[in-house]
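Me: I have a chain on screen and want a quick tour. Can you walk me through it?

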Amino acid sequence: MRVTDARLTQVCVKTLRQGTRELIDRLYAIEVSAHAHPWTWDNIHSCFEENYSCLNTGVFAGKTLMGYAAVSIVYDEAELWTIGVARAYQGHGYGRLLLEGSLALATLCQAKRCFLEVRESNRVAIALYESHGFKRAGVRKNYYEPYGDHPAENALTMSLDLESSRYAHLNLEGEVSELARYLRALP
Ligand SMILES: CC(C)(COP(=O)(O)OP(=O)(O)OC[C@H]1O[C@@H](n2cnc3c(N)ncnc32)[C@H](O)[C@@H]1OP(=O)(O)O)[C@@H](O)C(=O)NCCC(=O)NCCS
């Protein structure tokens with residue numbers, strides 16, 4: 001199933017506002033299935049704390065949460081902290097929708113650029129980012145620590161100019177706009 005086909009029916013991206021235990025448990029299960037080096041439950045929980053200007057989005061098929069992303073906003077800069085789709089559902093277009101929803105939301109919150117870092121070996125994620133206009137900005141040598149049999153790995157840093165991206169012209173409504181207003185009101 002491609003999401004583009006399902007988009008008109010049951011697939012949607014929503015903002016995740018309340019970090020309930022049930023939600024964090026589900027996000028953590030996705031995190032563990034998606035990432036070789038997952039965040040902890042507490043890391044995810046912290047994305048919902050009020051002192052972080054963090055945009056949390058989830059992609060749903062019907063009522064089932066398939067993946068999520070967290071983007072932090074500091075002044076006019078956004079940083080993609082994490083993005084992951086449950087392993088069984090990867091490669092079906094959910095990641096693309098999630099990234100687009102997060103970038104649209106960051107743009108609504110008046111972020112001018114979005115930054116991220118990614119393992120040099122993560123060709124799927126790099127292809128996803130480049131297909132959305134992210135440019136390679138630099139390399140952080142041995143940024144990711146060794147684990148198991150894996151040696152330390154370089155991080156590729158990437159950035160996207162949101163002002164000249166197509167997201168600058170999006171006119172999103174409803175819940176997304178409400179969240180953008182809420183975030184702008186934070187001190
Ligand atoms: C990276 C991730 C979020 C992408 O989500 P996804 O739902 O699997 O990807 P999509 O099906 O939406 O595909 C989006 C793009 O990714 C790339 N992609 C997806 N699967 C790919 C594959 N097997 N090989 C190469 N590129 C691939 C393509 O560019 C694709 O765009 P296209 O469909 O127009 O060709 C997901 O694979 C994931 O959770 N990976 C593990 C966690 C992770 O690495 N997160 C990023 C950390 S920086």
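**Hairpin, sheet, core and ligand**

Reply: Phe60 has Leu65 in strand 3 as its bridge partner. Strands and helices here are DSSP runs (strands E, at least two residues; helices H or I, at least four), numbered from the N terminus. This is a predicted model: local features need pLDDT of at least 70, side-chain atom pairs count only at pLDDT 80 or more, and totals for chains, interfaces and linings use all residues. Residues are numbered from 1 along each chain as its sequence is written.

Me: What do strand 2 and strand 3 form?

Reply: A hairpin, with two residues between the strands. Gly62 sits in the turn and has a positive phi of about 60°. Strand 2 and strand 3 pair in the antiparallel sense over eight bridges. Strands count as paired if DSSP finds at least two bridges between them.

Me: Back up a bit. How many helices and strands are in the chain?

Reply: Six helices and seven strands. Along the sequence the pattern reads α-β-α-α-β-β-β-α-β-α-β-β-α.

Me: What's the strand order in the sheet?

Reply: 1-2-3-4-5-7-6, in an open sheet of seven strands with mixed pairing. Strand 1 (11-15) and strand 6 stand at the edges with a single partner strand each, so one side of each has no neighbour in the sheet. Neighbouring strands are turned by 25° against each other on average, direction ignored. For that angle, axes are lines fitted to C-alpha atoms, for helices over the stretch in contact, and angles run from 0 to 180 degrees between N-to-C directions.

Me: How many bridges pair strand 1 with strand 2?

Reply: Five, in the antiparallel sense. Thr15 stands opposite Thr57 in strand 2.

Me: And the other end. Which strand is joined to strand 5 by seven bridges?

Reply: Strand 7 (residues 153-161), which runs antiparallel to strand 5 (residues 113-119). Arg113 has Asp161 as its bridge partner in strand 7. Glu117 has Thr157. Strand 7 also pairs with strand 6 (residues 135-144), antiparallel, over six bridges. There, Gly138 has Thr157 as its bridge partner.

Me: Now the inside. Which residues have the most contacts in the largest nonpolar core?

Reply: Ala69, Val71, Leu98, Ala106 and Cys114, in a core of 44 residues. Such a core is a set of buried Ala, Val, Leu, Ile, Met, Phe, Trp, Tyr and Cys residues joined through C-beta atoms within 7 Å. Helix 4 gives the most to this core, with nine residues.

Me: What counts as buried?

Reply: A residue with 20 or more other C-beta atoms within 10 Å of its own; 12 or fewer is exposed, in between is partly exposed, and C-beta atoms are placed from the backbone. Buried residues make up 30% of the 187 in the chain.

Me: What does Leu98 touch?

Reply: Val13, Thr57, Val59, Gly67, Ala69 and Ile83, leaving out residues up to four places away in sequence. Touching means C-beta atoms, placed from the backbone, within 7 Å.

Me: Tyr129 next. Buried or exposed?

Reply: Buried, with 23 C-beta neighbours inside 10 Å. Tyr129 is in helix 5. Beyond four places in sequence, Tyr129 touches Leu116, Val118, Phe134 and Met158. Its C-alpha atom is separated by 9.1 Å from that of Ser159, 30 residues apart along the chain.

Me: Switching to the ligand. Which residues come nearest?

Reply: Gln90, Gly95, Arg96, Ala127 and Leu128, out of 20 residues around the ligand. The cut-off is a C-beta atom, placed from the backbone, within 6 Å. Helix 5 supplies the largest share of the shell, six residues. Strand 4 (77-85), helix 4 (94-108) and helix 5 (123-131) each supply at least two.

Me: How does the shell split by class?

Reply: Nine nonpolar, nine polar and two charged residues. Ala, Val, Leu, Ile, Met, Phe, Trp, Tyr, Cys and Pro count as nonpolar, Asp, Glu, Lys and Arg as charged, and the others, Gly among them, as polar.

Me: Where is Asn142 found?

Reply: In strand 6. Phi of Asn142 is also positive, near 50°. Asn142 counts as exposed, with 11 C-beta neighbours inside 10 Å.

Technical notes
Contact = placed C-beta atoms within 7 Å.
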